[in-house]
Amino acid sequence: MTPPQYRDYVGTLADEEGFPRERLILGGAHLGPNAWQKHPAAEAMTHARGLIEAYVAAGFHKIHLDCSMSCADDPVPLPDAIVAARSAELAGIAERTAAEHGLPPPVYACR
């Protein structure tokens, strides 16, 4: 499911149970280049940027930024400076996306 599809699915379940949608807190886990580790870092980060935008635009509030895994052309283990830089870039995208959609800033879990 895409983030909007999942949001709507969970919303429907909440409606069926009489649970107020405004009390739902949606979160995305392990968001970042993690899913594209077999690709070069530039390509993986391009996908990760789109992923973060999609989750935040769909109203997901808890965002777990996971930039800890090496991509195909990265050193192993991945240096903390690269993990931090990628996480900061994706957090900036999340903040901008939330503001553009009139949503509160996300809450982050990072590793």
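## Close-up views of a predicted model

**View 1. The largest pocket and its lining.** Arg7, Gly11, Arg21, Leu24, Ile25, Leu26, Ala58, Gly59 and His61 line the largest pocket. The model is predicted: local features need pLDDT of at least 70, side-chain atom pairs count only at pLDDT 80 or more, and totals for chains, interfaces and linings use all residues. Residues are numbered from 1 along each chain as its sequence is written, and side-chain values use heavy atoms, with hydrogens and water left out. The largest pocket holds about 170 Å³ of space. Its lining has four nonpolar, three polar and two charged residues. A pocket is an open set of points on a 1 Å grid over the protein atoms alone, where a 1.4 Å probe fits, with protein on both sides within 12 Å along at least five of seven lines; lining residues have an atom within 4 Å of a point. The volume is the space filled by probe spheres set on the points, which are joined across faces, edges and corners. Arg counts as charged, Ala, Leu and Ile as nonpolar, and Gly as polar.

**View 2. The whole fold.** Three helices and three strands make up the secondary structure. Helices (H or I, at least four residues) and strands (E, at least two) are DSSP runs, numbered from the N terminus. Along the sequence, the pattern reads α-β-α-β-α-β. The C-alpha atoms fill a box of roughly 50 × 25 × 20 Å, taken along the principal axes.

**View 3. The open parallel sheet.** The three strands are ordered E1-E2-E3, with parallel pairing. Strands E1 (27-31) and E3 (107-110) stand at the edges; each has a single partner strand, so one side of each lacks a neighbour in the sheet. Neighbouring strands are turned by 15° against each other on average, direction ignored. Strand E2 (residues 62-65) pairs with E3 over four bridges; two strands pair if DSSP finds at least two bridges between them. Leu65 has Cys110, in E3, as its bridge partner.

**View 4. Cysteines without a disulfide.** Zero disulfides (pairs of cysteine sulfur atoms within 2.5 Å) turn up in a search of the whole structure. From the sulfur of Cys71, the closest cysteine sulfur is that of Cys67, 8.8 Å away and too far for a bond. Cys67 is buried at 0% relative accessibility. Cys71 is also buried, at 4% relative accessible area. Buried means under 20% relative accessible area (1.4 Å probe, protein chains only). Buried residues make up 35% of the 111 residues.

Key:
Axes are lines fitted to C-alpha atoms, for helices over the stretch in contact, and angles run from 0 to 180 degrees between N-to-C directions. Buried means under 20% relative accessible area, exposed over 50%, partly exposed in between (1.4 Å probe, protein chains only).
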